[in-house]
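Hi, here are my comments on the model you asked about. Have the sequence and the 3D view open while you read.

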Amino acid sequence: MKSYRIGILGATGAVGREMRKILEEYGLPITELRLLASSRSAGERLPFAGRELPVQETTENAFAGLDFVLGAVEAEQSRVWAPAIRRSGAVYIDNSSTFRLDPAVPLVVPEVNGADAFTHSGIIANPNCSTVISLMAAAPIHRLSPIESMVVSTYQAVSGAGQAGLKELQEQLRAITAGEEPRRKVFPAQIALNVIPHIGAEGENGYTDEEMKLQNEGRRILHQPELRVSCTCVRVPVLRSHSISMTLRTREPVTLEAARAAIRAFPGVRLAEDLDGRDYPTPLDSSDGDAVWVGRIRRDLTDERGLTLWCCGDQLRKGAAANAVQILRLLSEK
């Protein structure tokens, strides 16, 4: 079996750390793992497979000799380093938003549209975390009858805003417990004991860029260019794992029995049938795992072609790091 030389760009961030952890868990044949970050982190040592690896500063020549680069940096940095990665000959699997809507770059969830990965020209885009989780739950139904529209509300954990989001919730909870005034820097309102129905920058249509991602990315991943999505993204005081409520309108009616059977059989998805007497998952059920959990599947009472469901998935793993590593594994196996 061939072994690979892999780089992680942004190795010291939350997603980069998850990538390193998942590469070790999956046991992929790796000759070299190169951890790349800014000059501030250079020299730091991080564990991998029983040893410690040094973090290297990212430079134009840092990608030489690599087979794959997993990107875990923001869009601006991804745009800066993508040309150097392509020149090196490595395949760049990018977790940022930079290339998601570029028609020349495949946007991939392996279980849903894995074949698209093989059309790449050096770059593959990883979808938005809520898009991945939503489409993992919706894809089994889409295969029974094409989904024409979706009405979605997301309940997104604070770790979706990175380490700073986690820290802000924890510090606010400590302040409230101590009878002190909670401070905020990351979120537009207090997040502890609260919810914030606004994530991202608002566009002319009143929807935020975060809310438009499911429609724009979903059209590419499901190969459904006319897909319509109305989405509201909500930040909730949960540390990890996003939850999503969806009503799907399909071309032809899909029975509850057929929907449950399709979800039960779909790779990477678990149907919640008896979780301590519950037929629905919670964020804690999906945290630190790669499966997307689905439950509360019901008929939509406003449309005979509609189904309503609830799903949960770890946005740091399947919504980001694990999906990227799974793309790498898919390419390496072929």
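The points below go from the whole chain to single residues.

1. **Ground rules.** Keep in mind that this is a predicted model, where local features need pLDDT of at least 70, side-chain atom pairs count only at pLDDT 80 or more, and totals for chains, interfaces and linings use all residues. Residues are numbered from 1 along each chain as its sequence is written, and side-chain values use heavy atoms, with hydrogens and water left out.

2. **Overall build.** The protein has nine helices and 13 strands. Both kinds of element are DSSP runs (helices are H or I with at least four residues, strands are E with at least two), numbered from the N terminus. The C-alpha trace spans about 60 × 55 × 45 Å along its principal axes. How does the radius of gyration fit a compact globule? A compact globule with 334 residues would have a value near 20 Å, and the protein has 20 Å, so the two agree. That radius is taken over C-alpha atoms, and the globule rule is 2.2 Å times the number of residues to the power 0.38.

3. Of the 334 residues, 54% count as buried. Buried means under 20% relative accessible area, exposed means over 50%, and partly exposed is in between (1.4 Å probe, protein chains only). The protein exposes about 15000 Å², and carbon and sulfur atoms supply 49% of that. These areas come from the Shrake-Rupley method with a 1.4 Å probe; for residues, only the protein chains shown count as cover.

4. **Contacts along the chain.** Take the contacts with a separation of 6 or more: residues 24 or more positions apart account for 68% of them. Contact here means heavy atoms within 4.5 Å.

5. The 39 positive and 41 negative charges have mean positions 3 Å apart. Lys and Arg count as positive and Asp and Glu as negative, while His and the chain ends are not counted; each charge is placed at NZ of Lys, CZ of Arg, CG of Asp or CD of Glu. Side chains of opposite charge can pair when their charged atoms come close. A search of the whole structure finds 23 salt bridges (a side-chain nitrogen of Lys or Arg within 4 Å of a carboxyl oxygen of Asp or Glu). One network of them links E18, K21, E25, R240, D288, D290, D314 and R317.

6. **A pair to look up.** Are E111 and K318 buried or exposed? Both are buried. They form a salt bridge, with 2.8 Å between the closest N and O atoms. E111 sits in helix α3 (residues 110-113) and K318 in helix α9 (residues 317-333), so you'll find this pair linking distant parts of the chain, 207 residues apart.7. **E148 and its two partners.** E148 pairs with R249 in a salt bridge whose closest N and O atoms are 3.1 Å apart. E148 is in strand β8 (residues 147-156) and R249 in strand β10 (residues 242-250), so this pair ties together parts that are 101 residues apart in sequence. E148 counts as partly exposed at 22% relative accessibility, and R249 counts as partly exposed at 24%. E148 also forms a salt bridge with R305, where the closest N and O atoms are 3.4 Å apart. R305 lies in the loop between β12 (292-299) and β13 (306-313), so the pair ties together parts 157 residues apart in sequence.

7. **Q224, a loop residue.** Look for Q224 in the loop between α6 (209-221) and β9 (228-235). Q224 counts as buried because its relative accessibility is 12%. Leaving aside neighbours within four places in sequence, Q224 is in contact with H142, P146, I147, E148, R219 and R251.

8. **Two positive phi angles.** Most residues other than glycine have a negative phi. L193 is not a glycine, yet its phi is positive, about 60 degrees. L193 is in the loop between α5 (163-177) and α6, and at 67% relative accessibility L193 counts as exposed. D276, also not a glycine, has a positive phi of about 55 degrees. D276 is in the loop between β11 (269-271) and α8 (283-286), and is exposed, with a relative accessible area of 76%.

9. **D67.** Which residues does D67 touch, not counting those up to four places away in sequence? They are S3, Y4, R5, A90 and V91. D67 lies in the loop between β4 (51-57) and β5 (68-71) and counts as partly exposed, at 24% relative accessibility. The C-alpha atoms of D67 and G7 are separated by 8.2 Å, and these residues are 60 apart along the chain.
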